[in-house]
Amino acid sequence: MSSNDATADRANWGGVLAMTLCVFALIASEFMPVSLLTPLAADLGVSEGLAGYGIAISGAFAVLTSLSISRLAGSINRKTVLLTLTALMAVSGVVVALAPSYPIYMMGRALIGVVIGGFWSLSAATAMRLVPAAQVPRALAIFNGGNALATVVAAPLGSYLGGVIGWRGAFLCLLPVAAIALAWQWLCLPSMAAERRQSRGGVLALLRRRVVMLGMAACGIFFMGQFALFTYVRPFLEKVTGAGESAVPLVLLAIGASGVVGTLAIGAFIRRGLYRTLVAVPILMAVIAAALVALGPQLWPTAALFSAWGLLATAAPVGWWSWLARTFTNNAEAGGGLMVAVVQCSIALGSSLGGVLLDSVGFACTFLASAGLLLFAALLAYVTAADAASASGSAVAVEA
């Protein structure tokens, strides 16, 4: 590796923070349509359902990109790839904001999906090259902090800006953030040559390793369980808890704010025991899901439970990205692509399952199904830990 290439001998926190700002802009761009759906649909002359497909298409393109980014990027320096993706995020914002028709709007949303899949696929590998191995969980937690912060502010800020300057103006407001992120990354990210070792047979070939198959299954089931419940938080608050128009945004804000705290705190638990954390988090979330069924009609207990849910759920991806960094020490790009695909598909499956159960049998069954999936994810995480310990020659300890 040349002197211009990235090295993890010293922590490059400037690069980490530049990536975090990009994450913030990316997540805000991804979910901005949620709070602008009504005026957006009216302006483009389509139904709100069709406008909502702008989120679905970004997810679909994220999956396709995540499975192919490592091969598509080839031997291109990874700093160049990240800068290109950040620039493409800005282009997507312009296309959406200036879209004269629905097809052009969907084209812009497809572009943001490409950025989502590419950026997150490279995130773990980039963190491993910006900081020493012991500080990778902290760097990933900071990345996810940008995710959590965007989740907190994107919807209310988008709604406010949409009322003041219109939905197109709201999208254009993200351009300066993307431009700052692009300049910051250009200044702070080191040159990062492409990884030399790539998995033969493509990303899916990684599943031939038992520990990878088990870990990805545990990760996928976790996100299914999480979004089977989380997708329907607002209607639960309105119909079961009876929360008013002023209370619902405050509870949603509490979920997001506690998530920021969780992403900052989880690194300490990961250092004490990665697999212990991956097992404990879904168990605690399952308990919360079951408790919501019993205490849902009471506002303050429900608000407290959802805050605890946000603390755990938003921090959990840090644990799984840390697992990826530990498991794919020589092929983090391909592993990252596989994980992004698994997570995106699991979110779609979980939210769809939750919707079917909600429409057919109600909130209680939906939340209990979420709890069941989360407990299954905890069991799979434990089996993954045992398999990892067995592979490393340990017959007793399952803690990594």
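Buried means under 20% relative accessible area, exposed means over 50%, and partly exposed sits in between (1.4 Å probe, protein chains only). This is a predicted model, where local features need pLDDT of at least 70 and side-chain atom pairs count only at pLDDT 80 or more, while totals for chains, interfaces and linings use all residues. Residues are numbered from 1 along each chain as its sequence is written, and side-chain values use heavy atoms, with hydrogens and water left out.

**View A. Ile165 in helix H5.** Here's Ile165, sitting in helix H5 (residues 136–172); helices are DSSP runs of H or I with at least four residues, numbered from the N terminus. Ile165 counts as partly exposed because its relative accessibility is 44%.

**View B. Thr126 in helix H4.** Now look at Thr126, which is part of helix H4 (residues 102–130). Setting aside neighbours within four places in sequence, Thr126 is in contact with Met19, Leu82 and Met192 (contact means heavy atoms within 4.5 Å). Ala332 is 206 residues away along the chain, yet its C-alpha atom and that of Thr126 are separated by 8.8 Å.

**View C. Asp387 in helix H13.** Asp387 belongs to helix H13 (residues 363–391). With a relative accessible area of 16%, Asp387 is buried. Not counting residues up to four places away in sequence, Asp387 touches Arg210, Val211 and Leu214.

**View D. Buried residues of helix H3.** Leu82, one of the contacts of Thr126, turns up again here. The buried residues of H3 include Leu82, Leu83, Leu85 and Met89.

Terms used
Helix = DSSP H or I, 4+ residues; strand = E, 2+ residues; numbered from the N terminus.
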